[in-house]
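Dear colleague,

I am passing on the structure below, together with some notes on it. Please read the notes with the coordinates open beside them.

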Amino acid sequence: MTKEIISKLAGENTPLYYYNLPLLRETISVAKNAADRYGYHIHYAIKANNNPRVLQEISKFGLGADCVSGYEIERAIDNGFKAEEVVFAGVGKTDREILTGLQNGILSFNVESVEELRVIGDLAKEHQLVGRIALRINPNVDAKTHHYITTGLDENKFGIMMHQLQTCVDIISENSFLELIGLHFHVGSQITDLNVYKRLCIKVNEWNTWFYERGYHIPILNLGGGLGINYAEPDEEAIVNFSNFFYLFHEFLDLRENQQVHFELGRSLVANCGTLVSRVLYIKEGIKKNFAILDAGMTELLRPALYQAYHKVELLSDKFIEQEEGKEVTKYDVVGPICESSDCFGKDVLLPKLQRGDLIGIRSAGAYGEVMSSRYNLRQELSYFFKE
């Protein structure tokens, strides 16, 4: 972040979300080029960040959209994504949301249960609309990440179990308004060990063979997303290594003739372009702890309170001041103003000695930041600042 931008931010009301649009564009371009090398398709996961300006920038690159609600479908289409490139996931799709997908002619419903499939079939038949189906299969692959963001184990609520697959296929075969076009898999989020995806490929190959041996040609294999980022050093790895990611699937995925491979990426595309900018309200010096109390809290960025997620915390006011060797640093618990003890961005964070009014940047907040914000404690509405 440049001195000029920090100077501009100093005059803004905080807390606010700062979005680096040039970095966003570069990230999307790098990811798309890496996917295009193998003919792969990317659907941007709207749940990561649904800010209209962010969506408009991403849709310009021709990516599809991965949605988990009817309103996400509508917002995606309103901001430039093509309906026929929208996929709709989620274990609790309502009738209204299903109709939204059917009426817009989306690419597929990622179906997560037998009962959901029956409901989609009934609504499709009632309204004489075709529902294209991708069966979400639970691959029982451990993503080796936080248990709150692991989705591919038998104990998780997501996906269809093996013994239910034939029932699903029978339901689709008996309803002329349903069309089986894909298999869908997703094992979790913030995955940094690519061996997890290698294990996923092995499972996908087995399921692909299962359908092939029973006479079903599956046009699309959707491998989900979950690719993680470097939260500790966002400047050193501002753009993740998409080339290695897609190459792994090229190496280990066994495709049938004319099969397409689709992905649903969110965090890896938008996280590092966003910073939550806050201001120090008070410094509270305790006996064993020093607290830096900010004007941002869990209402602006929930991840640390929700699952103890790490975000790098920086003194922005200090970014353009020459660092003196041996400059005094202090440990702070960096906390917000919300009436909850979990309202904490980091404990024992080493920072230059702070004072009231200092600007603080909480990095890599472009994914699952703004979208998870709330008005709890009747907090003010968020502000935004876009670097063009």
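This is a predicted model: local features need pLDDT of at least 70, side-chain atom pairs count only at pLDDT 80 or more; totals for chains, interfaces and linings use all residues.

Residues are numbered from 1 along each chain as its sequence is written, and side-chain values use heavy atoms, with hydrogens and water left out.

I begin with the annotations, whose UniProt positions are in the numbering used here, with feature names shortened, and which may be inferred rather than shown by experiment. An unreviewed UniProt entry places the feature "modified residue: N6-(pyridoxal phosphate)lysine" at Lys47, which is found in the loop between strand S2 (41-45) and helix H3 (52-59); helices (H or I, at least four residues) and strands (E, at least two) are DSSP runs, numbered from the N terminus. Lys47 has a relative accessibility of 32% and so counts as partly exposed, where buried means under 20% relative accessible area, exposed over 50% and partly exposed in between (1.4 Å probe, protein chains only). Leaving aside neighbours within four places in sequence, Lys47 is in contact (heavy atoms within 4.5 Å) with Asp66, Val68, Glu72, Tyr368 and Val371.

The UniProt annotation "active site", also from an unreviewed entry, covers Cys339, a residue in the loop between strand S13 (329-335) and strand S14 (344-352). Cys339 is exposed, at 63% relative accessible area, and, with neighbours within four places in sequence left aside, is in contact with Tyr376 and Asn377.

Val270, in helix H10 (residues 267-270), is buried, with a relative accessible area of 0%. Not counting residues up to four places away in sequence, Val270 touches Leu24, Tyr44, Ala48, Asn49, Val54, Ile58, Gly366 and Ala367. The C-alpha atoms of Val270 and Tyr19 are separated by 9.2 Å, although these residues are 251 residues apart along the chain.

Lastly, helix H7 (residues 165-173) and helix H8 (residues 195-213) pack at an angle of about 50 degrees, with their axes 13 Å apart; axes are lines fitted to C-alpha atoms, for helices over the stretch in contact, and angles run from 0 to 180 degrees between N-to-C directions. That angle makes H7 oblique to H8, since angles under 35 degrees count as roughly parallel, over 145 as roughly antiparallel, 65 to 115 as roughly perpendicular and the rest as oblique. The contact is made by Leu165, Gln166 and Val169 of H7 and Trp207, Trp210 and Phe211 of H8.
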